[in-house]
Amino acid sequence: MFGSFIKKSRAKSPWIMHFDCGSCNGCDIEVLACLTPLYDVERFGIINVGNPKHADVLLVTGTVNHRNKKVLKNIYDQMPEPKAVIAIGACGNTGGIFREAYNVVGGVDKVIPVDVYVPGCPAKPEAIIDGVVAGLAKFAQKVEEA
């Protein structure tokens, strides 16, 4: 009984951590706009946290390069199971306009598994919220399977 209560509460009130792999800050500004009263992403029970050990969902923006791929992998590894990852923007999805640069690894999925891709350059707050809702559905499914 207690285990099902914990599962249900994790699925209904997920904690999200945002990590910027080195973007132009366009997507980061839009992620922060989702927290404003205009979009109010917290109505879904979401809490933004700064510690990966407390996070259920990881939002990643920016192009992954050789310098930050270890940090991204380390943050992902510190998150408790089950977890979900949402790649935001063209840079997070594929490397964006920087994908041909010598120091760019590519999108987030080159380093960690991604559950949801949010397109755009920058991604609009509405698209980010749609991606977060889709990510929360995948996270809830993972919680039920665990």
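Is N25 buried, partly exposed or exposed? N25 is partly exposed, at a relative accessible area of 39%. This is a predicted model.

**Nonpolar cores**

- The largest nonpolar core holds 20 residues. V57, L59, I86, I88, V118, I128 and V132 touch the most other members.
- Five elements each supply at least two residues of this core: α2 (26-33), β3 (57-61), β5 (84-88), β7 (116-118) and α5 (125-145).
- Helix α5 gives the largest share, with 6 residues.
- V118 has contacts beyond its sequence neighbours: residues up to four places away are not counted. Its partners include I86, A87 and I88, together with G89 and N93. A123, A127, I128 and G131 also touch V118.
- Another core, of 18 residues, lies apart from the largest one. Among its members are F19, A55, M79 and I112.
- In soluble globular proteins, nonpolar side chains tend to be buried together.

**Helix α2**

- Helix α2 is mostly covered, with 6 of its 8 residues buried.
- The buried residues are G26, C27, D28, E30, V31 and A33.

**Cis peptide bonds**

- Most residues other than glycine have a negative phi, and most peptide bonds are trans.
- E81 and P82 are joined by a cis peptide bond, with omega about -15°. P82 sits in the loop between α3 (69-78) and β5.
- The bond from C121 to P122 is cis as well, with omega near -10°. P122 belongs to the loop between β7 and α5.

**Positive phi**

- N25 is not a glycine, yet its phi is positive, about 80°. N25 lies in the loop between β1 and α2.
- D40 is not a glycine either, and its phi is positive at about 50°. D40 is placed in the loop between α2 and β2 (47-48).
- D40 counts as partly exposed, at 31% relative accessibility. N25, at 39%, is also partly exposed. Both values fall between the 20% limit for buried and the 50% limit for exposed.

Terms used. Residues numbered from 1 in each chain as written. Predicted model: local features only at pLDDT ≥ 70, side-chain atom pairs only at ≥ 80, totals over all residues. Heavy atoms only, no water. Core = buried A, V, L, I, M, F, W, Y, C linked by side-chain atoms within 4.5 Å. Buried < 20%, exposed > 50% of the residue type's maximum accessible area, 1.4 Å probe, protein only. Helix = DSSP H or I, 4+ residues; strand = E, 2+ residues; numbered from the N terminus. Contact = heavy atoms within 4.5 Å.
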